[in-house]
Amino acid sequence: MNRVLIIDDEERICDVVKRGLEKMGEFQVSVAFNGKDGIEIARKWEPHLILLDIRMPGLDGMEVLKRLKENDKTMSIPVIMLTAVLDTSTKEECSKLYGELYLEKPVDLAVLKEKIEAVLKYRGKI
Amino acid sequence: MRIQIKLSILFCLCFLIFMGALLFFYVYENRSIGIIFEIDAKNTEEVFDRVNNIIGDSLKTFVYDYTYWDEMVAFVRNGNIDWAKFNIETSVPTYKTNAVWIYKLDKNLTYKFQNLDDSFYDVLPLPKIEISKVFEKSAFCHFFVNTPKGVMEIRGATIHPSEDKERKTPAAGYFFAGRLWDEPFLKNISQATDTNVTVSTGLTTSPARMNFKIGALVFYRVLPGWNGVTASLLKVETRSKIVPAFNDFSRTMLFMLVGFSIITFLIIIVSLIIWVIRPLGIILRSLSKEEPEHLRALSHKQDDLGRIARLIQNFFEQNSLLISEIDIRKQTEEALRKEKELSESIIDTAQVILLLLDTKGRIVKFNPYMEQVLGYRLEEVAGKDWFETFLPKDIREETRVVFANGLRGIQTKGHINPVMSKDGHEFQIEWYDKTIKGADGNVEKLLAIGIDVSERKKVERSMRLAQLGKLISDISHEINNPLMIISGNAQISLAPTTEEDEIKNSLKVIFEESQRAKAIISRVLKFARPSKGMVKAVDINHSIEGVASIVEHQFKLANIQIKRNYAEDLPLVEIDEQQLNEVFMNLMINAKEAMSKGGVITISTSLEKKFVRIDFKDTGSGMSEEVKQKLFEPFFTTKKTGTGLGLSICHGIINTYNGLLEFESQSNMGTTASVMLPWHGEAA
């Protein structure tokens, strides 16, 4: 069962995505409501994929992504950036630095599940 | 010419005139003395001659009496010596005669007598041949002869009978009598005439000589010889008694006059020096050196120069005051000139518009910068209406209201309106104004200072667009989050495996999130278009109290005390009370959240000129500089559940009513939020 970590400051988003993924596929989902907790869980739990919100109080998504990519344990975990508004510069930064995927809120849960599965398949996890 | 020199010249002239008068007096006196002396001399001469004649008369009488006498005729004929001795020699002393000679007609000496003990006198000292000749013209002769013992006076007469008094009968003989003018005789004459008589050996007569000074007089009398030739001269010397006395008197008088004159002139000189020349010198020195202290000695005197000295001292004092006043005025003028130069240079070089309008809004003056920016020269538009000439039609009335407010004392600060240049360009000018009052305290002019903010406005517009982009991004974020929750919950609810309870929960979440999205949109709209709602005259104290009473219970639960400090008689403010309450509510909630451990919020109202001021002072955590800078930024929040729109909306509302919303805060020192609302009506 693939482990997916959701890091978002909106508790209800974490909740709905967690419930949706668990209903639609074989995912073990964990959530973190801020960047600091997210990094900590990622290190310990070593998820197969992380859904990361960009705009968050405290450590924002870009900073969390940077720190994940700098850590040996987490650097290979694929990250899908979730954001309500993804401006051009953020998109470019994400692509250039980490070649990660991004999805704009509101995301259809089915689409999200397909994207997660595609990434995991590409990484050989499925 | 100096007055001292003039006075000296005048004094010298007076002195010379006086000396001339004295000289004239002296000459006149001398002349008087001369005349007196001449009269005296004439009298003396007459007296002398008369006395001399009287003395000489005895000899004359002797000769006269003895020559018309019958007995004498008989004697000449008979030569009776006894008769002669008896009659003649006895008479000689009586007549003070020294010699007698009687000659017959044939010129033979019949009788002689002399008492001089000298044979020379035995005969008549006259040649015989001349004896008859001396009677050719008269029966009498009188002449003088120089003899060894001196001059002898000789008188002679022809001898006639007693009845021939007229001596018309032929002479019987010749009778001569001689008197020697010896020293005793001359002394006798001198005593008789009060003169000094001497016989001069010279024969030349000279006029009488006079010496006025000593009153000496010398005159001569000719002693004729038998032939009419001068035999000798009688020198008479005398001294006038009147003239020396008169001279003495005259000299004394002259000396007295001179002395009196000298004393008088000395007194005049000293008086002039003391009373005129010295004071004038002091006055002159004081005036020329401009040193009034020299006048101190003069000023206490009560005479005219003392008055002049006091007047001059006064003048100096006034002059000194005047000079100091002039100095002060010069300094003031210089300061004013510099101030004016500075002001003019500021006006000329200031890169802001300086515009002076009268109370009707007509252009009085503006600075070169305005000429440069707007293209009009002052001469072109002076006296014209500012609003008609420079402002676009659609904003004229609105700007006139701002202008009228400015005249009423509501100072314009930062009002921006477009201004048209001569060539049709539109400039955005930000205005600050200041009223200029006249001497009567009434507003006469309005000085408007305008800053060309056209460029700034462009930048601001760009920034606004950028901010708008950010705002849209923020709005999207805020809306998309609930949308995603709604969308996700809907999908879960639609899934066939989802149980009913979960569906219900999801639907509840969907409803709540859709309400959240609606609220966000509503607030965004308020932020974007904060329009005036139901505007009415609001009692601010009443309005605040309404809000305070709503939240007071919650505040008490949070251990927060509300203190009220409302001003009385606050004027009513034209505003939408609902919007105002929203502002008050926001500020009070912010204050409450800043005091998480409880505290005090003090609400104060006051009147500041044309504004009603409301302060919300809390004892909370305060704000950092960073937070203060972002305070009015939309969606900026320090709260977990905040939207970041509250203060932005408050700011927008207060701005709509031309008010001010300000914050005074320091970290851990509490915050004071102040709302300033303008009022134009009556007090409540």
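This is a predicted model: local features need pLDDT of at least 70, side-chain atom pairs count only at pLDDT 80 or more; totals for chains, interfaces and linings use all residues.
On confidence, the predictor assigns the complex an ipTM of 0.91 and a pTM of 0.38. For chain B the mean pLDDT is 84, and 92% of its residues reach 70 or more. Within chain B, confidence is highest in strand β5, residues 173-180, at a mean of 93. It is lowest in helix α16, residues 625-629, at 71.

Let me turn to chain A. Its secondary structure comes to five helices and five strands. From the N terminus on, these elements run β-α-β-α-β-α-β-α-β-α. Of the 126 residues in chain A, 40% are buried. Among its contacts between residues at least 6 apart in sequence, 60% join residues at least 24 apart.

I would ask you to look at helix α2 of chain A, residues 35-45. Which of its residues are buried? They are Gly35(A), Gly38(A), Ile39(A) and Ala42(A). Seen down the axis of α2(A), these buried residues fall within an arc of 95°, and they therefore line one face of the helix. What covers the buried residues of α2(A)? The cover includes strands β1 (2-7), β2 (27-32) and β3 (49-53) of chain A, together with helix α3 (61-70) of chain A. On the face turned away from the buried side, α2(A) carries the exposed residues Glu40(A), Lys44(A) and Trp45(A).

Two backbone details in chain A deserve mention. Directly after α2(A) comes Glu46(A), which lies in the loop between α2 and β3 of chain A. The phi of Glu46(A) is near 50°, a positive value in a residue other than glycine. Pro106(A) is found in the loop between β5 (101-104) and α5 of chain A.

We come now to the contact between the chains. Here 18 residues of chain A are in contact with 17 residues of chain B. On chain A, helices α1 (11-24) and α5 (109-122) each supply at least two residues of the side that touches chain B. The largest share of that side, seven residues, comes from α1(A). By class, the side of chain A that touches chain B has nine nonpolar, one polar and eight charged residues.

Chain B itself contains 17 helices and 21 strands. Of its 684 residues, 25% count as buried. Among contacts in chain B between residues at least 6 apart in sequence, 61% join residues at least 24 apart.

One helix pair in chain B may be described in detail. The axes of helix α14, residues 540-557, and helix α15, residues 577-594, come within 9 Å and cross at roughly 35°. The crossing of α14(B) and α15(B) is right-handed. Which residues meet there? From α14(B) they are Ser543(B), Ile544(B), Gly546(B), Val547(B), Val551(B) and Phe555(B). Their counterparts in α15(B) are Glu577(B), Leu580(B), Asn581(B), Phe584(B), Met585(B), Met588(B) and Lys592(B). By class, this contact has eight nonpolar, three polar and two charged residues.

Gly56(B) lies in helix α1 of chain B, residues 3-67. With 17 other C-beta atoms within 10 Å, Gly56(B) is partly exposed. Gly56(B) and Tyr95(B) are 39 residues apart in sequence and 9.4 Å apart in space, C-alpha to C-alpha. The other residue is Asp117(B), in the loop between β2 (109-114) and β3 (140-147) of chain B. Its phi is near 55°, a positive value in a residue other than glycine. Asp117(B) counts as exposed because it has 7 C-beta neighbours inside 10 Å, and the limit for that class is 12 or fewer.

Key: Residues are numbered from 1 along each chain as its sequence is written. Chains are lettered from A and ligands numbered from 1 in the order in which they are written. Two residues are in contact if their C-beta atoms, placed from the backbone, lie within 7 Å. Helices (H or I, at least four residues) and strands (E, at least two) are DSSP runs, numbered from the N terminus. Ala, Val, Leu, Ile, Met, Phe, Trp, Tyr, Cys and Pro count as nonpolar, Asp, Glu, Lys and Arg as charged, and the others, Gly among them, as polar. pLDDT is the predictor's confidence in each residue, from 0 to 100. A residue is buried if 20 or more other C-beta atoms lie within 10 Å of its own, exposed if 12 or fewer, and partly exposed in between; C-beta atoms are placed from the backbone. The arc is that of the directions from the helix axis to the C-beta atoms. Axes are lines fitted to C-alpha atoms, for helices over the stretch in contact, and angles run from 0 to 180 degrees between N-to-C directions. A crossing is left-handed if the near helix is turned anticlockwise from the far one by less than a right angle, and right-handed if clockwise.
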